[in-house]
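Subject: The two-chain model for you to look through

Hello,

Here is the structure that I promised to pass on to you. Please open it beside this message, so that you can look up each residue as you read.

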There are 2 protein chains.
Amino acid sequence: MKLYDSKLAPNPRRVRMFMAEKGVSCENEQVDIVGGENLTDEFLAVSPRGLLPTLVLDDGTVLDESVAICRYLEETHPEPALLGTDPVNKAHVEARQRHMEFDGMLAAMDAFRNAFPGFRERGLGGSVGKVDAIPALADRGKASLLRWYAALDRDLAESQYIAGDSFSIADITALCTVDFAAGAARCPVPDECANVKRWHAEVSSRPSAGA
Amino acid sequence: MKLYDSKLAPNPRRVRMFMAEKGVSCENEQVDIVGGENLTDEFLAVSPRGLLPTLVLDDGTVLDESVAICRYLEETHPEPALLGTDPVNKAHVEARQRHMEFDGMLAAMDAFRNAFPGFRERGLGGSVGKVDAIPALADRGKASLLRWYAALDRDLAESQYIAGDSFSIADITALCTVDFAAGAARCPVPDECANVKRWHAEVSSRPSAGA
């Protein structure tokens, strides 16, 4: 397998962390998103949507989407289970992972892409052509992130991890979102969110967090 | 089981259609989103994020997210498989379903919510409080939908369904998006997209499409 990856972007980190939790490794090629390497003919020939991460299997199958790659890895390396166990738990983990994406990651992306000077004409990711950034969307993204942090803090007062008592893909998505929000989107966890800070310290200490 | 549902919204339709394909039925309660019934204390006590669909299991477990509900149904009613078969196919279906969401459904939502007069202060769905609509986002959503239709048309020149030779959740997401885009977001499939029109007629003729 070969992973097209970017050390700077949050979605490839989700896959690297998932792979590390599973003890899986593979060939890695860094692609410079800010420099536009993901929009070159060479990369688009591999992954037409122009997004990272992209995993190419040994038989040439291309998986161009973060959670789809995680699904493949869960199916081929079931232990430890990161997408849930029984039917209800699998559904709960899926719901929580998607809450993290829709309430957190999309907001962080809006906050970053629509404020970063280098992306003034790259308001959407990938091979969509020129799309103007929308400054109001950066402000909306930051407000959404603050709501998300507050909701997470309430949830994490009652459970160790995002989807209950076990570490799961929902924690990976949330950690990658928090670190991206704090860095690129300049919207760190507020001091009053003590439960988020406790959880963040705990999941950040896992070896996979440095993958 | 009980499904909190809205006949007018595209995400609940995804679950109704998935259930119909599986031959599953349950108690149904309609919630008036435009009238704000999803934001009342009564509904928020069931589903704090204030979004539809929400499925409540017989033991009281609440699943408040469309794809998580589909995951539960797939696990408990495996036939016909709508989330893929072997590891690679499951990953491919997941990727295609997510392409439909990120490139299609989110764009249709942006196009609708930011142009609909009743949602001027409901720029985001659910219990997030007052969020101003962003008119530029409605325009961006329509442009994204046109790009999505063009991409779908290229894909459907080469395959019968969205994720290959078998009907899957990706077709359900795509159908619900196309019909919502054409209706609420006033952005129908362009005439030149003959492959999309062929596919749309075919999936619309399934009994589940009327669920």
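This is a predicted model: local features need pLDDT of at least 70, side-chain atom pairs count only at pLDDT 80 or more; totals for chains, interfaces and linings use all residues.

How the two copies are arranged

Chain A can be laid on chain B by a turn of 180° with a shift of 0.0 Å along the axis, and the RMSD of that superposition is 0.0 Å. The two copies are therefore related as by a two-fold rotation axis.

Where the chains meet

The contact draws 38 residues from chain A and 38 residues from chain B, and 100% of the interface residues of chain A are interface residues in chain B as well, so the copies meet through the same surface. Between them the two chains bury about 3,300 Å², of which 61% lies on carbon and sulfur atoms.

Which elements of chain A give two or more residues to the side that touches chain B? They are α3 (66–76), α4 (87–113) and α5 (135–156) of chain A, and α4(A) gives the most, with 14 residues. By class, the residues on this side of chain A divide into 17 nonpolar, eight polar and 13 charged.

A pair of helices within chain B

Two packed helices are described by the angle between their axes and the distance between the axes. In chain B, helix α1 (residues 10–22) and helix α4 (residues 87–113) pack at an angle of about 145°, with their axes 12 Å apart. On the side of α1(B) the contact is made by P10(B), N11(B) and R14(B), while α4(B) brings Q97(B), E101(B), M105(B) and M109(B). This contact of α1(B) with α4(B) has three nonpolar, two polar and two charged residues.

Details of the backbone

Most residues other than glycine have a negative phi, and most peptide bonds are trans. With that in mind, please look at the bond that joins L52(B) and P53(B), which is cis with omega about 0°; P53(B) is found in the loop between α2 (41–46) and β3 (54–56) of chain B. The peptide bond from E79(B) to P80(B) is also cis, with omega near -15°, and P80(B) has its place in the loop between α3 (66–76) and α4 of chain B.

In chain A, R186(A) is a residue other than glycine with a positive phi, near 55°, and R186(A) sits in the loop between α6 (169–182) and α7 (194–204) of chain A.

With best wishes

Terms used:
Residues are numbered from 1 along each chain as its sequence is written. Chains are lettered from A and ligands numbered from 1 in the order in which they are written. Side-chain values use heavy atoms; hydrogens and water are left out. Copies are superposed by least squares on the C-alpha atoms of residues with pLDDT of at least 70 in both. Contact means heavy atoms within 4.5 Å. Axes are lines fitted to C-alpha atoms, for helices over the stretch in contact, and angles run from 0 to 180 degrees between N-to-C directions. Helices (H or I, at least four residues) and strands (E, at least two) are DSSP runs, numbered from the N terminus. Ala, Val, Leu, Ile, Met, Phe, Trp, Tyr, Cys and Pro count as nonpolar, Asp, Glu, Lys and Arg as charged, and the others, Gly among them, as polar. Buried area is the accessible area (1.4 Å probe) that two parts lose on being put together, summed over both.
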